[in-house]
Structures are given as C-alpha cells and as structure tokens.
Amino acid sequence: MVAHVGFVGLGNIGSRVAPHLLNAGHRLAVSDLNTAAVEALVAQGARAAESAADTARDADIVILSLPSPAIVRTVVAGNDGVLAGAKPGTIIVDHSTIDPETAREVAGLAAAVGVTYLDAPVSGGVQGAEAGTLSIMAGGDAGAFERVRPVLESYSGNVFLVGETGSGQAIKLANNIITAINIAALGEGLSAAVGAGVDLDTAAKVLSTSSANSHVLSSYFPRTLFTEDRPTGFALDFMLKDIKLFLNSTAQTALPTPVSNVVGDLFRIGNRDGRGAKDFTSVVEFYEDFTGTRLQTKGN
C-alpha cells in the first residue's frame with residue numbers, strides 16, 4: 001500500500017518516524033516550525049508544506065506528533081489547520097500524548113467535516129522511533145484503524161486498537177504514570193540499599209533477576225541514570241506534563257490516586273530544581289541529594 005501522507009510535528013519522535021515512511025515508499029508532505037527539520041526531510045524526498053492545511057491537501061492520512069492538547073486542537077481545527085485542507089475520508093492519526101477528553105473533542109470536530117480521527121500515542125521513545133519499533137496504542141473507528149495499519153507498521157513493532165476514541169490516550173497515560181512510579185520506587189529502593197552498604201552494581205544485578213525487575217531497571221537505567229553523562233531520552237518536563245494530564249483526567253472520576261499524586265510531587269520538585277530538560281530518570285537525583293551518593297554503575 002502506497003499512501004499520500006501528511007506529517008505535522010517533527011520533534012524528537014516525528015523527525016525519526018518520518019524517514020521510515022519515505023523508506024516504505026509513501027509520498028510525504030511535512031510541516032513544522034523547525035525549518036531545519038523540514039529541510040532535512042525534503043533532502044530525503046519529502047515535500048515541504050506551507051501549513052498544516054497544506055500538509056493535509058491530497059493526503060489519505062495525516063499524522064500528528066505534537067507537544068500539548070492546546071497545540072493539537074489548534075493544528076487540527078484552527079485557522080489553516082488540518083481540517084481546512086483535508087478532504088472527506090481523510091484519516092488523522094495523532095501520535096501526540098494528550099488527555100482523552102481533548103481527543104474526543106477533536107474527533108468530534110473532525111467527524112463534522114467527514115474526517116476520521118484516531119488518537120494513537122506511542123511508546124518506545126527516541127530509540128524506538130529511530131529503530132522503527134514503536135508501540136502504537138490507538139483509539140477510534142476499527143475500519144479506519146485497519147486502513148492505516150500498513151502505514152503504521154512501517155515504523156512500529158506493535159500496533160494495538162485498544163477501544164473507542166480516547167482509549168489510546170487513557171492507556172498511554174496509564175503507561176507513563178506506571179513508568180514514573182517505577183522510576184521513583186527504584187530510586188528510593190536503590191538509594192536505601194546503597195546507603196546500607198550494598199554495591200550499586202550488585203544491587204542492580206540482584207534486583208534485575210528478582211521480582212523487582214522491570215524494563216526501566218534492566219534496560220533504561222543502564223543507558224541513562226547509571227551512566228556518567230546521563231543523556232536525555234525523554235525530558236523530565238515531558239513526563240511531568242503527562243502526569244498532570246493523568247491526574248487531571250482521573251480527578252474527573254471517583255478513583256483515588258494517592259501514589260500518582262506523590263510521584264507527581266517528586267517530578268514537580270525535579271522541575272523546581274532545574275532538572276526539567278534532563279532525562280526523566282533525573283527525578284531520582286532527589287534521593288541522591290539526601291544521600292550524597294551518585295547512582296552510577298562501575299561499567300558506566
């Protein structure tokens with residue numbers, strides 16, 4: 001299947017997803033405020049669009065990868081937005097992480113002009129986007145999902161339809177709050193173990209082969225927190241934004257979220273202490289400040 005694809009948002013994820021579409025043979029129009037990111041894709045064969053509306057013209061599918069609910073709303077339904085250029089039958093695939101309520105609102109605006117909107121946030125980060133192994137969790141119309149699946153599979157390892165519109169965002173926010181809680185728990189536990197005299201390398205090895213193991217401990221920490229330079233794969237401020245979205249969404253229900261609220265406070269402290277642009281695992285530095293011990297393994 002060769003599709004005409006429009007792509008709006010060439011940030012950390014979008015700039016790495018778009019080349020996979022070109023490599024798969026799809027026709028691609030791209031739009032972003034970052035002209036350098038646009039030019040890099042033009043050099044690979046994409047068309048530079050003048051606006052989100054222009055990106056959508058002649059497109060079968062328009063993919064979004066944007067930083068906030070307000071920007072998604074503007075890019076889709078604002079002046080010169082996607083809906084101003086999209087023809088009836090176009091499918092919008094939104095890889096942004098936003099709240100379920102905004103996803104349902106935007107889907108309604110799209111449906112009013114004959115366009116289908118799928119909320120389809122991703123997991124896997126920069127590494128997954130680069131490797132083409134992202135996990136995509138979509139909410140919305142099953143027929144539209146099956147139509148776009150072959151395109152999504154050109155840059156993903158797993159593609160799921162999880163339910164109605166908003167469901168993709170709900171499971172993505174659940175994924176991120178669980179990950180944030182896991183990071184905070186690992187930081188607290190590891191700091192306690194090291195403070196009690198256990199070697200960090202030994203502690204990490206034992207825990208990664210025990211019931212406390214997780215992808216964060218066995219795969220992500222060794223590439224980020226445990227290293228000397230602690231590179232940023234996903235910024236703390238981005239995770240804080242997602243935690244706020246989760247808490248705001250659950251606040252509209254009767255579900256108590258005491259653990260999530262405490263972890264949200266730890267990320268707010270990280271932001272206050274100037275760690276917002278650092279990797280989200282730097283929230284663990286809250287504990288390092290108390291112990292005076294850096295959680296860096298000998299191999300790193």
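Residues are numbered from 1 along each chain as its sequence is written. In this predicted model, local features need pLDDT of at least 70, side-chain atom pairs count only at pLDDT 80 or more, and totals for chains, interfaces and linings use all residues, while side-chain values use heavy atoms, with hydrogens and water left out.

**Aromatic pairs**

Rings of Phe, Tyr and Trp (its six-membered ring) pair if their centres lie within 6.5 Å; planes under 30 degrees apart count as stacked, over 60 as edge-to-face and the rest as tilted. The count is six aromatic pairs. Two of them are tabulated here.

| Pair | Centre distance | Plane angle | Class |
|---|---|---|---|
| Phe221 and Phe226 | 5.3 Å | 70° | edge-to-face |
| Phe234 and Phe238 | 5.9 Å | 45° | tilted |

Burial is scored by relative accessible area: buried is under 20%, exposed over 50%, partly exposed in between (1.4 Å probe, protein chains only). Phe221 is buried, at 0%. Phe226 is buried too, at 3%. Phe234 is partly exposed at 27%, and Phe238 is partly exposed at 40%. Ring pairs also link Phe234 and Phe238 with Tyr220 and Phe280 in a cluster.

**Helices H4 and H6**

Helices (H or I, at least four residues) are DSSP runs, numbered from the N terminus. Axes are lines fitted to C-alpha atoms over the stretch in contact, and angles run from 0 to 180 degrees between N-to-C directions. The axes of H4 (residues 69–77) and H6 (residues 100–111) come within 10 Å and cross at roughly 5°. H4 is therefore roughly parallel to H6 (angles under 35 degrees). Contact means heavy atoms within 4.5 Å. H4 contributes Pro69, Val72, Arg73, Val76 and Ala77; H6 contributes Thr102, Glu105, Val106 and Leu109.

Notes:
Helix = DSSP H or I, 4+ residues; strand = E, 2+ residues; numbered from the N terminus. Parallel < 35°, antiparallel > 145°, perpendicular 65-115°, else oblique.
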